[in-house]
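Subject: Structure handover

Hello,

Here is the structure I promised you. Please open it first, then read my notes below with it on screen.

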Amino acid sequence: MAVKVTSDSTADLGEYFAERGIAVTPLTVLLGDRTGLDGTEITPADIYEYFDKTKTTPKTSAVSPEEYRRFFAEQTADGSEVVHFTISSDMSACYANAVSAAKEFKGVYVVDSRNLSTGIGLLVLYADDLAKAGLSGAEIKEKAEARRGAVRASFVVDNMTFLYKGGRCSGVAAFFASVLRIKPCISVTGGKMVVGKKYMGSTDKAIIKYAADITKSCPNPDPKYVFVTHSSARPEVVETVKREVLAAWPDVNILETVAGATITSHCGRGTLGVLFFADGGKV
């Protein structure tokens with residue numbers, strides 16, 4: 001039986017969704033009175049324009065159970081099994097809604113990634129590789145859930161306003177980040193976002209220091225997929241980070257992706273992260 005690996009739009013895989021034939025359930029982004037789907041109706045450029053004009057951050061909403069029901073019906077119509085990945089259940093109702101809808105179908109497996117952005121994307125690509133190798137939906141779900149603890153997802157934030165207004169950090173933290181030019185590293189731990197090391201100075205310098213720290217933290221990443229994911233970071237900085245990563249990890253395959261509208265709604269412009277499996281590929 002064929003197995004289809006699918007994902008919420010929050011996996012931020014960009015062109016790799018289409019390249020791999022991975023169907024997507026888009027979250028909804030709200031820009032004032034305007035509402036649209038992540039990636040098709042609202043893009044990061046729309047978010048930047050909206051924020052620059054209104055100084056108001058967007059809101060996002062989860063995929064509804066009914067939307068998941070329609071999606072799973074379409075994906076299983078040809079008899080395929082489905083393994084679907086969602087953003088962490090601590091960050092969104094997507095997982096709960098998908099599980100609710102999946103109960104109506106045989107052979108639909110929902111995986112709580114316990115992550116966001118290409119932290120999800122790592123698991124999606126891993127699962128897709130397993131599906132192409134012929135594993136069943138149940139086997140893929142089991143292996144993906146066993147490996148999700150090896151995902152390392154973190155990023156440096158340029159502007160704390162988006163996280164602050166989205167309830168991701170305290171007003172005091174946002175104030176001091178602005179006044180003292182602190183650029184915090186946000187990491188995903190236990191399915192939640194937590195503040196890690198704080199970098200002083202310009203965003204460009206903070207991101208480069210962060211990349212050096214990240215590569216030092218893990219001597220043996222899985223070389224198959226290492227993401228450099230960002231929300232419109234300056235191209236020169238992205239290329240410098242790639243060089244930093246390759247200098248420390250010369251054998252890795254770097255995939256660059258740009259954060260979609262949902263993730264951009266919560267992190268703003270100029271955020272960058274290096275995301276990878278920290279298990280050396282030994283699975």
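**Strands and sheet**

In β7, V110 is the bridge partner of H84. Keep in mind that this is a predicted model. β6 and β7 pair in the parallel sense, over 5 bridges.

On to the sheet as a whole. It is open and has 4 strands, in the order β2-β1-β6-β7. The pairing is parallel. β2 (24-25) and β7 (108-112) stand at the edges. Each has a single partner strand, so one side of each is left without a neighbour in the sheet. A reminder on what holds such strands: strands of a sheet pair through backbone hydrogen bonds, either parallel or antiparallel.

Now look at β1 and β6. Strand β1 covers residues 3-8, and strand β6 covers residues 81-86. They run parallel and are joined by 5 bridges. V3 has E81 as its bridge partner in β6. V5 stands opposite V83 in β6.

Two helices pack on this sheet. Helix α4 (residues 94-102) touches β1, β6 and β7. The direction of α4 makes about 165° with that of β7. Helix α5 (residues 118-132) touches β1 and β6. The direction of α5 makes about 170° with that of β1.

How many of the residues of β6 are buried? The count is 6 of the 6, so β6 is largely enclosed by the rest of the structure. Both faces of β6 are covered. E81, V83 and F85 are buried on one side. V82, H84 and T86 are buried on the other.

**A hairpin**

Strand β3 (residues 28-31) pairs with strand β4 (residues 34-37). Here the sense is antiparallel, over 4 bridges. L30 has T35 as its bridge partner in β4. β3 and β4 form a hairpin, with 2 residues between them. In the turn, G32 has a positive phi of about 65°.

**Helix α3**

Helix α3 (residues 65-76) has 12 residues. At 1.5 Å a residue, α3 should span 16 Å. The end C-alpha atoms of α3 are 16 Å apart, which agrees.

Which residues of α3 are buried? They are Y68, F71, F72, Q75 and T76. Seen down the axis of α3, the buried residues fall within an arc of 115°, so they line one face of the helix. What covers them includes β1, β2, β6, α4 and β7.

**Aromatic pairs**

A search of the whole structure finds 6 aromatic pairs. One of them is Y68 with F72, and this pair is stacked. Their rings are 5.8 Å centre to centre, with 20° between the planes. Y68 and F72 are 4 residues apart in helix α3, so about one helical turn separates them. Is Y68 buried or exposed? At 0% relative accessibility, Y68 counts as buried. F72 is also at 0% and counts as buried.

F72 forms an aromatic pair with F105 too, and that pair is edge-to-face. The values are 6.2 Å centre to centre and 75° between the planes. F72 lies in helix α3, while F105 lies in the loop between α4 and β7. The pair therefore ties together parts that are 33 residues apart in sequence. F105 has 22% relative accessibility, so F105 counts as partly exposed; buried would mean under 20%.

Last item: Y68, F71, F72 and F105 form one aromatic cluster.

Best wishes

Methods: Residues are numbered from 1 along each chain as its sequence is written. This is a predicted model: local features need pLDDT of at least 70, side-chain atom pairs count only at pLDDT 80 or more; totals for chains, interfaces and linings use all residues. Side-chain values use heavy atoms; hydrogens and water are left out. Two strands pair if DSSP finds at least two bridges between them. Contact means heavy atoms within 4.5 Å. Axes are lines fitted to C-alpha atoms, for helices over the stretch in contact, and angles run from 0 to 180 degrees between N-to-C directions. The expected span of a helix is 1.5 Å times one less than its number of residues. Buried means under 20% relative accessible area, exposed over 50%, partly exposed in between (1.4 Å probe, protein chains only). The arc is that of the directions from the helix axis to the C-beta atoms. Rings of Phe, Tyr and Trp (its six-membered ring) pair if their centres lie within 6.5 Å; planes under 30 degrees apart count as stacked, over 60 as edge-to-face and the rest as tilted.
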